Amino acid sequence: MESLIQIINKLQDVFAVIGEHKIDLPQIVVVGSQSSGKSSVLESLVGRSFLPRGTGIVTRAPLILQMIRYSKHDKENMIKSTKNKNIQCWATFLHKPGTIYDNFDEVRHEIEKQTDVLAGSNKGITHEPIVLKVFTLSYDLTFVDLPGITKVPVGDQPEDIDEQIQELIFKYVEQENAIILAVVTANTDPTTSESLKIARKMDPNGIRTIAVVTKLDLIDKGTIQDTTELLCGHKIPVKLGIIGVVNRSQKDINDNKSMQETLKSEKEFLRLNYPDIYKKHGNKVLAKTLQDILVKHIKKTYPVLHKNLQDTKLRLENELATLQTPDSKVSFILTLLKNISKSYCDTILGNRKDISDKIVIGGARISEIINEEYIDKINQINPLYDLSDEQIGIILLNASGITKSSFVNEKALEHMIFRQLNNIIEPSMSSVDFVRVEMLKIFDSIDENILETLKRFPRINSDVRNVLNKMLDEKLNDLKIFIKSFIETYQTCLNTTNPNFLFQLVRSSTEMQDENISAFMNNTGKNIDDHKFVISEDNEKEESEKKIQLFKQMLSGLNDLDKNIETSKQVKIHKCLTQCYFEFIREIIRDFVPKRIHHKMVKLVLDNFEQELDDKVFTPYVINRSFEEVMTEEEGVIDERQRVENMLNAVNIALKNMIDIQCF
């Protein structure tokens, strides 16, 4: 039976082929600075020298290194392919599946060659991985080797090479299922280690970080005690452990010192210098520890990974359904148009199942515009905006002409009310425009699958939107004309004896009432004290009736005014009457306009949208026999369909492989 790690290797292969994906696989990610000994650690674990070496950035692409403890069947297949029974360790690349390498110098050369293909030869880096499988008798392990961290560009490296490398490293280590293998050198202060800084940032509690301390043989003899404390975990807060290793030096590499000799030298060095803890360190201990950690981690993350794959499969199946070419174009378009109308109406009426909890949309947004924003704007209009006492006095004089005016100058009053009600027209017209814009925006909030389908067919998308746009434009013009005419009716046809207006006068402030009545009484010769009103609960109705009768006399023109009336007294009463009449009409308009917009724009579109789509879109397609033409897909849709199919196929393969994990 395959090991757990080999099953994860299969998942890595599947998703490496399709490129960018959001599947969080459990894997060990190797992070370290340039020249930290990162490559030497991996080569010691593999038991072969195969990684590119040199100055500057050597690793410029993620290298997914899969160590596979081969079976008898694997060996037989290799012999069948190479005709060589003496090979004990070999390698293959995912991008060259038919080629077997037993010479690891050739492996190094192929890594360099493929890196240039993926990243170019200008020392830049790439996010595209190289997958290398090494078949060995040792153990199953999987690593992702990333470019070494650098701060200063060297040679012809890009100026932002440090940012490029950081972005690539974060892409891998930020995944919750990634185990961070942080490579730290013993001859530098661990608090300044770049790999540990990244680990602490992505894994603050250290629960998925293991530290590997290299170059133990390069430290001063006097610092061995400090290094011992480091290896015992007293300086680096990581939960998965700290393991020290001694790898081949550059001299060892130049002298072709074998890995077996290196492991022997390492064991002896650790025994002599760290006698109390040497059994817990070294490359063999590191390999066994990493294998145990990875197996436990795979078992731990299996439920989340399985759910992630299931959710991804469902999402991709839905995407693919919207991208599939329909068998019957006529039926497809007819159904699509009905679904568009239904989803649009459901969005406005609040019948969607996927109700947003982020923003107010659809009918709720329309209601905000006409029932809150419009009314707030109307209520904020000052009834006497740009109408001073001086202006009122001039209007009164000019409206009288060569004759003396009565106490209430109706011509002047009509002029002032006409003028002030003009201030209501613009916001009322604007509210219609705002609703129209919102109803167009709502179309972009309908069911996502429908919108994705429309993106595939630009002609249908354009035709449907044009129908909605035309419907709204027709309603817009008619509605604006009617609302303006409605307001103009109140501008030109004053009715100051309207009971509601008289009640508005009664509801006006006591100070305003007293000024009006005082002005009126002074010019009729009546006793003011006889008409002072003190409203109480007992006589409120009676006193209100008296006020109404008095205001009727004032407004009827039946009063016999004094010939020497002061203009200031007339200004006060005309100011009051203009304000009260404005508020009286404003109350009518702010109730009428929202209802009219709802009735003559929103409701009419909802009632007629499906029929309009049928008449203006589907029927012309039938008459002109243009189904083939309108079903022409947007450029790139075929590629997108292929991408989704490949991803779905990869997820299905992954789920099939995941079944085997349940057996462990």
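A salt bridge here is a side-chain nitrogen of Lys or Arg within 4 Å of a carboxyl oxygen of Asp or Glu. Going by that, Lys 288 and Asp 292 make one through their side chains, at 2.8 Å from N to O. Keep in mind that this is a predicted model. In total, the structure holds 24 salt bridges, and a few of them are worth a walk-through.

Back to Lys 288 and Asp 292: both sit in helix H10 (residues 283-323), four residues apart, or about one turn of the helix. Lys 288 is partly exposed, at 46% relative accessible area, and Asp 292 is partly exposed too, at 32%.

Helix H9 (residues 259-273) has a pair of its own, Arg 271 and Glu 268, spaced three residues apart, about one turn of the helix. Their side chains meet in a salt bridge at 2.6 Å, N to O. Arg 271 comes out partly exposed at 38%, and Glu 268 is partly exposed at 36%.

Then there's Arg 365, which forms a salt bridge with Glu 438. This pair links distant parts of the chain, 73 residues apart, with Arg 365 in helix H12 (residues 362-379) and Glu 438 in helix H14 (residues 410-443). Glu 438 counts as buried because its relative accessibility is 9%, and the cut-off for buried is under 20%. Both partners also belong to a network of salt bridges that links Arg 365, Glu 368, Glu 373, Glu 438 and Lys 441.

| Pair | N to O distance |
|---|---|
| Arg 271 and Glu 268 | 2.6 Å |
| Lys 288 and Asp 292 | 2.8 Å |
| Arg 365 and Glu 438 | 3.8 Å |

Methods:
Residues numbered from 1 in each chain as written. Predicted model: local features only at pLDDT ≥ 70, side-chain atom pairs only at ≥ 80, totals over all residues. Heavy atoms only, no water. Helix = DSSP H or I, 4+ residues; strand = E, 2+ residues; numbered from the N terminus. Buried < 20%, exposed > 50% of the residue type's maximum accessible area, 1.4 Å probe, protein only.
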